[in-house]
Amino acid sequence: MIDHPISAPGIELSLSRLRCIGCGAVHATVEQDFRCPDCLDLLEIFYPDWQNRGTMQTTAPDLEALKPLWQQRKTSRLAIDESGVWRFRELLPALHDWNAATTLCEGNTPVYQLPSCARITGVEQLYAKHQGMNPTGSFKDTGMTVAASFARENGYRWVACASTGNTSASMAAYAARGGMRSLVLIPEGKVSWGKLSQALDYGAVTCQLRTDFDGCMQALNEVVKRMPVCLLNSVNPYRIEGQKTGAIELLEQLDWQVPDHVIVPGGNLGNASALGKAFVELLELGLISRLPKLSVIQAEGANPLVRCIREQGGKKLIPVQAETMATALRIGNPASWRKAVRVLEATGGAVEQVSEVEITQAKAEIGADGIGCEPASAVTLAGLKKLVKQRFVKTQETVVLILTGHLLKDPEFTLKFHRGDLFRGTEHEREAAVLASHQRAPIILDANVDVIVKTLEQAEKNGPTK
Ligand code: F0G
């Protein structure tokens, strides 16, 4: 084992507590369903010491020391320093044994400029934080390392989740890594094959239920009451803590220059809650001096948050029957909606919804920048176009899109699109005609050099796609 200090001298690790977001009750222990036993609302982790620290920001040298410390850890060979999550452990709940963290070197994801998308939207300072570059190909890994580590530390032998695919892939990997078994509940026929195959390969007991995501979640809530399994959906507040680090790492990559806007896809709304929590905490601690506006984009067919804000003033969520080809977002009754509303209010962000054709076009446009993402991630660019039109986003402002999943998560969607099959026979077929210029079906030829050269010349004549 490498002899290395877990934290630098003079920098303490934070004491954390669990608090209900509804009634504010602070709990010493936590129920299997991670809900407040008094009012059944969600719990959040908070750090009682930070209140005092925040007010002393100018005289608290340990806070100023954090930024160089986090940077310096990038050169360490210690597993928790190599992790782009645990590297920020002063802002996370403390493990009893840091060396027992279940980690796959998650986080450490790139921030890219998007020159072609910038031209399309008119937003010159346009970046993508690509969380699809995590070990299992989605942002879920950043939360999973923390939640799985706590499950293991608390002696759980089984972990479980309901999922539209990415959570299950991530959970199964971290369970395998941590020597735990995993139970996955997914809606039958509604999860992309890439994600399903990951869960299988990492050894999860994978149940495809004849219901939707919301039905899987309901079933799981009953299972955890009957069996000693640790629930690893984003109602688990440790997941949220880990996912916060996406925001911290982003700011570090931008040299702590706060962007004007951060745009995320909204499904079960854990990610929006986590990134927003990070920004608010960093402001409270004095590590940044203002908040970015955090906006949430949903698919039109899976838009409960948009409706909650527009029709209920953010006070009440009316579940919807979710339907979208961006299968990761097929969620009608998001668990973390109250946390997400709080983030929208705190940061002054917007909610927007985008159509299936808009999502598909945006995905192709991101692909044309040489990056690629899964359909759910592309709602961010589609939403940005609308927010620019509404002048909520000004073209001279700095915008970061959070790309949540890797292109290879759902190759079927991409292939169907390029072959022209995606919208065939659907109600969107007419509207989808605008996508023709983005389509690149594979060309089947004989292995004949003349024919290949002719094809190349033809492509040159037709010009670039953008
Ligand atoms: N993008 C991707 C690629 C996702 O997989 C998800 C959610 C989201 C965005 C939305 O994030 O739920 O935090 O609002 N996927 C879930 C799953 C729910 O089971 O994998 P959210």
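1. Overall architecture. The chain has 16 helices and 13 strands. Its radius of gyration is 22 Å, close to the 23 Å that the globule rule gives for 466 residues, so the chain is as compact as a globular protein of that length. The model is a predicted one, and the remarks below should be read accordingly. Taken along the principal axes, the box filled by the C-alpha atoms is roughly 70 × 50 × 50 Å.

2. Of the 466 residues, 56% count as buried. Among contacts with a separation of 6 or more, 70% come from residues 24 or more positions apart. The accessible surface amounts to about 20400 Å², and carbon and sulfur atoms contribute 51% of it. As for charge, there are 50 positive and 51 negative side chains in the chain, and the centres of the two sets are 2 Å apart.

3. Helix α5: geometry. Helix α5 covers residues 140-153. At 1.5 Å a residue, its 14 residues should span 20 Å, and the end C-alpha atoms are 20 Å apart, which agrees. Just after α5 comes Gly 155, with a positive phi of about 85 degrees.

4. Why may α5 be described as largely enclosed by the rest of the structure? The reason is that 12 of its 14 residues are buried. These are Lys 140, Asp 141, Thr 142, Gly 143, Met 144, Thr 145, Val 146, Ala 147, Ala 148, Ser 149, Phe 150 and Ala 151. The cover over the buried residues of α5 includes the strands β6 (158-162) and β9 (229-231), together with the helices α6 (166-178) and α9 (237-253).

5. Helix α12. The buried residues of α12 include Trp 337, Lys 339, Ala 340 and Val 341; Val 343, Leu 344 and Thr 347 of α12 are also buried. The elements against which the buried residues of α12 pack are the strands β3 (43-46), β11 (293-299) and β12 (351-354), and the helices α9, α10 (270-285) and α11. After α12 comes Gly 348, where phi is positive, near 75 degrees.

6. Ser 336 and Ser 234. Ser 336 belongs to the loop between α11 (304-312) and α12 (337-347). With a relative accessible area of 0%, Ser 336 is buried. Ser 234 sits in the loop between β9 and α9, and its relative accessibility of 5% means that Ser 234 also counts as buried. Which residues does Ser 336 contact, leaving aside its neighbours within four places in sequence? They are Leu 42, Ser 234, Asn 268, Leu 269, Gly 270 and Ser 273. With the corresponding neighbours left aside, Ser 234 is in contact with Arg 239, Ile 240, Asn 268, Gly 270 and Ser 336.

7. Most residues other than glycine have a negative phi. Trp 256 has a phi near 65 degrees and lies in the loop between α9 and β10 (261-265). Arg 391 has a phi near 60 degrees and is placed in the loop between α14 (375-389) and β13 (398-403). Are these residues buried or exposed? Trp 256 counts as buried, at 16% relative accessibility, whereas Arg 391 is exposed, with a relative accessible area of 65%. The C-alpha atoms of Arg 391 and Ser 234 are separated by 32 Å, the two residues being 157 residues apart along the chain.

8. Val 357. This residue lies in helix α13 (residues 356-367). Val 357 is buried, its relative accessible area being 3%. Leaving aside neighbours within four places in sequence, the contacts of Val 357 are Phe 423, His 428, Glu 431, Ala 432, Val 434 and Leu 435. Phe 423 is 66 residues away from Val 357 along the chain, with 8.6 Å between their C-alpha atoms.

9. Leu 408. Leu 408 is located in the loop between β13 and α15 (411-419). Its relative accessible area is 59%, and Leu 408 is therefore exposed.

Notes
Residues are numbered from 1 along each chain as its sequence is written. This is a predicted model: local features need pLDDT of at least 70, side-chain atom pairs count only at pLDDT 80 or more; totals for chains, interfaces and linings use all residues. Side-chain values use heavy atoms; hydrogens and water are left out. Helices (H or I, at least four residues) and strands (E, at least two) are DSSP runs, numbered from the N terminus. The expected span of a helix is 1.5 Å times one less than its number of residues. Buried means under 20% relative accessible area, exposed over 50%, partly exposed in between (1.4 Å probe, protein chains only). Contact means heavy atoms within 4.5 Å. The radius of gyration is taken over C-alpha atoms; the globule rule is 2.2 Å times the number of residues to the power 0.38. Accessible areas come from the Shrake-Rupley method with a 1.4 Å probe; for residues, only the protein chains shown count as cover. Lys and Arg count as positive and Asp and Glu as negative; His and the chain ends are not counted. The place of a charge is taken as NZ of Lys, CZ of Arg, CG of Asp or CD of Glu.
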